[in-house]
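Open the model in your viewer and keep the selection tool ready. Each stop says what to select and what is found there.

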Amino acid sequence: MLTVAVLISGTGSNLRALLDAAADPEYPAQIVVVGADREAEGFAHAEEYGIPAFMVPWAQFGSREEWGAELGRQLAVWRPDLVVLSGLMRLLPAPLVDEWSPRIINTHPAYLPEFPGAHGVRDALAADVEQTGASVIIVDNGVDSGPILAQERVPVLPGDDEHSLHDRIKPVERRLLIDVVRRIANGELDLEAAASAGAVAASTAADGD
Ligand code: GAR
């Protein structure tokens, strides 16, 4: 059974979907702890499922490094096999990423490398594209730049606003996340291999520049 820590900042709808999936005894992963950088609404899902939770309040730390060090200490208590960033709206400091990568993944509401960053949905709308998407990636030290594990296109419809488009993307994100975690747990998806392949692809692309 793969043990998973999920880190959130907001409503935790992707967390909820993962908790629901993991409630199936056939699902090969188990969420052992939920963490957040603030008093997140999504804690309610953890509570409902009786999953322990911790908070490392961003506002109480003087720097990203100090905040990240405390987050690292909390994760070390639980020693999960995998960390899932599911709407955590903070960049992690490099030492924490280096410690966990490639066993740390992130969901993003755009078809990466298109529209990275904190406003993936808003930026897609502003660019007036006909389709955007959802992605699950390995976290590296860039902004949403890690190796892509799964992604799918989502159409932008006439009249969409940020809310309606995000609402159409989220179910796709949930499905991708549940499937990626399942494949990691089953050994079908090897994160070390995916990270190495991603590094090779990135250096090949850089050579071609
Ligand atoms: C999700 O769409 C996630 O991809 C996004 O925040 C949302 C959280 O929703 N994350 C990012 O944009 C990170 N760059 P949730 O709290 O309802 O799961």
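**Stop 1: His108**

Select His108 and, leaving aside its neighbours within four places in sequence, find the residues in contact with it: Phe115, Pro116, Gly117, Gly120, Gly133, Ala134, Ser135, Asp144 and Glu173. Contact means heavy atoms within 4.5 Å. This is a predicted model, in which local features need pLDDT of at least 70 and side-chain atom pairs count only at pLDDT 80 or more, while totals for chains, interfaces and linings use all residues. Residues are numbered from 1 along each chain as its sequence is written, and side-chain values use heavy atoms, with hydrogens and water left out.

Is His108 buried or exposed? His108 counts as buried because its relative accessibility is 3%; buried means under 20% relative accessible area, exposed over 50%, and partly exposed in between (1.4 Å probe, protein chains only). Now show the side chain of His108, which reaches the backbone oxygen of Phe115 at 2.7 Å. The "active site" annotation on His108 comes from an unreviewed UniProt entry; UniProt positions are given in the numbering used here, feature names are shortened, and annotations may be inferred rather than shown by experiment.

**Stop 2: the sheet**

His108 is found in strand 5. Helices (H or I, at least four residues) and strands (E, at least two) are DSSP runs, numbered from the N terminus. Select strand 5 (residues 104-108) together with strand 6 (residues 131-138): they run antiparallel and are joined by 4 bridges. Two strands pair if DSSP finds at least two bridges between them. Within strand 6, Ile138 stands opposite Ile105.

Next, select strand 4, which pairs with strand 5 in the parallel sense over 3 bridges. Here Val83 stands opposite Ile104 of strand 5. Strand 4 also pairs in the parallel sense with strand 1, over 4 bridges, and Leu85 in strand 4 is the bridge partner of Leu7. Which way do the side chains of strand 4 point? Leu82 and Val84 point one way, Val83 and Leu85 the other way, and all are buried.

Now show the whole sheet: it is open, has 7 strands in the order 3-2-1-4-5-6-7, and its pairing is mixed. At the edges are strand 3 (53-55) and strand 7 (148-155), each pairing on one side only.

**Stop 3: a helix on the sheet**

Select helix 1 (residues 13-22), which lies across strand 1 (2-8), strand 2 (29-36) and strand 5 and runs at about 155° to strand 2. Axes are lines fitted to C-alpha atoms, for helices over the stretch in contact, and angles run from 0 to 180 degrees between N-to-C directions.

**Stop 4: the nonpolar cores**

A nonpolar core is a set of buried Ala, Val, Leu, Ile, Met, Phe, Trp, Tyr and Cys residues joined through side-chain atoms within 4.5 Å. The largest has 41 residues, and those with the most contacts inside it are Val4, Ile31, Leu82, Ile105, Leu149 and Val181. Helix 6 (residues 162-186) gives the most to this core, with 9 residues. A second, separate core has 18 residues, among them Val56, Leu92, Leu96 and Ile104.

**Stop 5: Asp160**

Finally, select Asp160, in the loop between strand 7 and helix 6. Asp160 is buried, with a relative accessible area of 15%. A polar contact of 2.7 Å joins its side chain to that of Arg168; a polar contact is a pair of N or O atoms within 3.5 Å, and within protein one must be able to donate a hydrogen and the other to accept it, with residues adjacent in sequence counting only if both atoms are side-chain atoms.
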